[in-house]
Every structure is written in C-alpha cells, then in structure tokens.
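These are my notes from a first pass through the structure. I wrote them down in the order in which I looked things up.

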Amino acid sequence: MAQINRCDTISQRCCYCDQKLQLPAARYTQQALICPRCNSKLEDGNSWSLSRLTVLAISILILAPIAFWQPLISIHLLGSQIDANVFTGVKLMSQQGSPLTAAIVAFCAIAAPLFLPLSILYLSLGSRIGMNLRPILLVLGRLKEWVMLDVYLVGLGVAAIKLQDYATIFIGNGLIAFICITILSLLMLIHLDLERLWSRFYPQASHGVENNALICRACDYTAPPNQRGVCQRCHRPLHAREPASMQKSCAALIAAMVLLFPANLLPISIVYLNGQRMEDTIYSGVVSLIQSGNWPIALIVFIASIFVPFLKIIVMIILLISIRINSALDPILRMKLLRFVSWIGRWSMLDLFVIALMMTLINRDQLMSFTLGPAAFYFGVAVILTIIAVEWLDSRLIWDTYAKRTTTK
Ligand SMILES: [Zn+2]
Ligand SMILES: [Zn+2]
C-alpha cells in the first residue's frame, strides 16, 4: 500500500451539506473531524481496529444465548414463578395474534443486535478469503438506529417497576449477560468506523472535488460516477441529490401521522383481572402510573411514547416546509434539529418492549393476564415510519435552499 505523507490531504465533499473539504490523508487518528460548514461530525476520531472489533463480536456472540434465552427477570405471582426473556416476549406476541408487532420487537431487540457482531465476523473472515464485503458494509451503515438493546434494557426497568404492585420481582440469570452485550454493542457502535473499513477493503484513488465528483451517501466516497452512473466504491446509484427525497420523506411522515391516531386512541394494552377486562391507551397508561405514584416512570413513558413521536413529526414538518419555501431559518440550527430527531426516535420503541415483557410475566389465564391491544401495531409502524422519514430526507437540500436564498439576495 502506498505510504501516506502526514501532510497530504484528500479532497472530499461533506455528505451532510455537500461542502468541498480538504481532509488529512492520515486521518485515522484520535481526533474527530467536524465539517466547518454544517458542524456535522464526519469522523468520531475514536475508531478501533477490525481485530479489536472482532474480539468484541465474539464476546457478544458467546453471551447472546444466555442474554436472549435465560430469564432476565422473574416474578412470583399467585404461587408460581414466571420468567421473562426476550424470546418468550416475542413468541407470546406472535401467538396472541400480533405477528407483525412481534416481528418489529424481534427485529429491534434480537435480529439487528445479532447482525452487528455477525457482520463484523463476516468482514474479518471474508476479507481473508476475498468475499464480497460491500453488501455487509452498506447494511452496517444503516444499522445504528435499529440496535435497540439499550432501549430494551430501560424497558425492562420500566416493566419491573410497573410490576412491583402485583408481585415480587427477582433478577434472572440472563440479566448480567444482557447488560454485558448491551455495553459491548454500544462500544462497538461507537468505535466502528465504516469509512476506515471501506478504504481498507476497497481503496480508491482520491479524485478531488472538481469534474462532476459527487459524494456517495452510502459509503461517503467522493468521485465522479462510473459509466453505469453508480459509485465506484460501493456500486450504489450515485445522485447529486437523493431522487424524490422530499416526497418520500413527506409520504412516510404523513403515513406516520395517520397511524398515530389509532395508536393513541385505541387500547395499547389489555389486562384481565379476575375475569374483568381493563383497557389502557398510551395516555391512560401514563395517567394510571401517575395515580399509583410512579411518576418518574410515568415521565419516561410519556416522553418516549407521546412526546417524542409528536415532537419528531413537528420538527420534520418544520424542516420540510423550510426547504420547500426556501426559508431563512439558520441551516446549522436545522441540522441540529435533524440530528436530534434521528438520535431520539428509537427511544419511542420503549413501550412496545415494556408490553412484550409484561405479557410474558403476567400470563395466568383466567386469574390475571396481560395482552397487547390493537394500538401496539399502529404505534410500532408509526415509529418505524418516522425513523425512515428522517433517513430519507437528504440534508443537502437544506443547504441548497439556503445557498439559493443567499445568492438571490
Ligand atoms: Zn457539512
Ligand atoms: Zn458509495
């Protein structure tokens, strides 16, 4: 491999605002790289080597069976002990007629967290035997939001506190393993530097930012598209701006807004106690938590399930309108809002995880049982749609309209 001089620079464009940048070629240092125009972090500056990430991945995979199959918490209810783990929650949800809601929980709490270490192992082994690593690198770039072990862990705490009124709670064998894989996955996501892996497996010459060079939003490589109009490094279609980004984002947002009505008006959980049926919507669930004195938990559930989805929709509407009308709103503020909604969105899944755990634990047929209501599905899909709406919005449009405005002045 060619020796890189410490003073050399690489010409690149910022994938958030399209600014031309000169980045140091010897860039895998412990220093973060921030775009001077939009203040977005281009590189965290704390990247770990693939071998270190592989060690983390192996540790996660060894702990995963204990964390997912062993009980996380157990309760003594009506004379018998019931255990809850991630798998039983998903299984019960699908058996009780909500396979789609179960699939949402399974994807965020099992599939995505397992895909992360498995893909690191694939990269580590595949690079030695010359396999195609592009699809894995591309999926890894999109995976961050969907690994929701930390959200699940908070959900476990919420479920445990909610259940205190009904039963005695014990810590299960799997809990320590679950906390460990949550911490290891977070470490992996923080220290995983995809740009470093891309340039290691698919090194490309620097093209400079002149002559129709575009930044690829999938792999962050700046170069002109090849004859087929695709990125030279990751082979994804390359566009100056994502086609129909506003329309797609808007459509996902409208669908999410429509779904939030049944999600909030229909019951999200149903409790049968001594033959009596009690239904709770998201809002009445929060109110009953306040009434029982659990106001910190009520606040967490309120923020995650009511405040965040609505805030996200309002912020996205403001951003979309600001682009549409060439607003003068500070683009750096708009970028901050976009980063904020993309960071906070996943926490809305909390309530679904709490319901999955409660279903497993309170399941005594006639005497007492807890099941999910029709709102759970609408709520899950609405949260996913808001995450997708943020993903689909090409943030470079914010800067285009801003530039248009400043040049016409
Ligand atoms: Zn930028
Ligand atoms: Zn690319």
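Entry 1. In which helix is Ile181 found? I looked it up in the model, which is a predicted one, and found Ile181 in helix 6, the helix of residues 174–191. I then checked its accessibility. Ile181 has a relative accessible area of 2%, and because buried means under 20%, I noted Ile181 as buried. Next I listed the contacts of Ile181, leaving aside its neighbours within four places in sequence. The list holds Ile60, Leu63, Ala64, Ala67, Phe68 and Leu149. I also took one distance from Ile181: its C-alpha atom is 33 Å from that of Val315, and the two residues are 134 apart along the chain.

Entry 2. I went on to helix 7, residues 194–201. Which of its residues are buried? I wrote down Leu194, Glu195, Leu197, Trp198 and Phe201. Looking down the axis of helix 7, I found these buried residues within an arc of 160°, so they line one face of the helix. I then asked what covers the buried residues of helix 7. The cover includes strand 4 (41–43) and helix 1 (50–69). It also includes helix 3 (99–129) and helix 4 (134–143).

Entry 3. I turned to the pair of helix 9 (residues 282–291) and helix 10 (residues 295–324). Their axes are 8 Å apart and the packing angle is about 165°. Angles over 145 degrees count as roughly antiparallel, and helix 9 and helix 10 are therefore roughly antiparallel to each other. I noted their crossing as left-handed. On the side of helix 9, the residues that meet helix 10 are Ile282, Tyr283, Val286, Leu289 and Ile290. On the side of helix 10, I listed Trp295, Ile297, Ala298, Val301, Phe302, Ser305 and Ile306. Sorted by kind, the residues of this contact between helix 9 and helix 10 are eleven nonpolar, one polar and no charged.

Entry 4. Helix 10 also packs with helix 8, residues 245–265. For this pair I noted an angle of about 150° and axes 11 Å apart. That angle makes helix 8 roughly antiparallel to helix 10. The crossing of helix 8 with helix 10 is left-handed. From helix 8, I listed Met246, Ser249, Cys250, Leu253, Ala256, Met257, Leu260 and Asn264. They meet Ile306, Pro309, Phe310, Ile313, Met316, Ile317, Leu320, Ile323 and Arg324 in helix 10. How do the residues of this contact of helix 8 with helix 10 divide? I recorded 14 nonpolar, two polar and one charged.

Entry 5. I then looked at backbone angles. Asn39 is not a glycine, yet I noted a positive phi of about 65° for it. Asn39 sits in the loop between strand 3 (33–34) and strand 4. With a relative accessibility of 37%, Asn39 counts as partly exposed. His235 has a positive phi of about 65° and is not a glycine. I placed His235 in the loop between strand 9 (222–223) and helix 8. His235 counts as partly exposed, at 39% relative accessibility.

Entry 6. Ala244 counts as partly exposed, with a relative accessibility of 41%. How far apart are the C-alpha atoms of Ala244 and Trp392? I noted 9.1 Å, for residues 148 apart along the chain.

Key: Residues numbered from 1 in each chain as written. Chains lettered and ligands numbered in written order. Predicted model: local features only at pLDDT ≥ 70, side-chain atom pairs only at ≥ 80, totals over all residues. Heavy atoms only, no water. Axes fitted to C-alpha atoms, helices over the stretch in contact; angles between N-to-C directions. Helix = DSSP H or I, 4+ residues; strand = E, 2+ residues; numbered from the N terminus. Parallel < 35°, antiparallel > 145°, perpendicular 65-115°, else oblique. Left-handed = near helix turned anticlockwise from the far one by under 90°. Contact = heavy atoms within 4.5 Å. Nonpolar A, V, L, I, M, F, W, Y, C, P; charged D, E, K, R; others polar. Buried < 20%, exposed > 50% of the residue type's maximum accessible area, 1.4 Å probe, protein only. Arc of directions from axis to C-beta.
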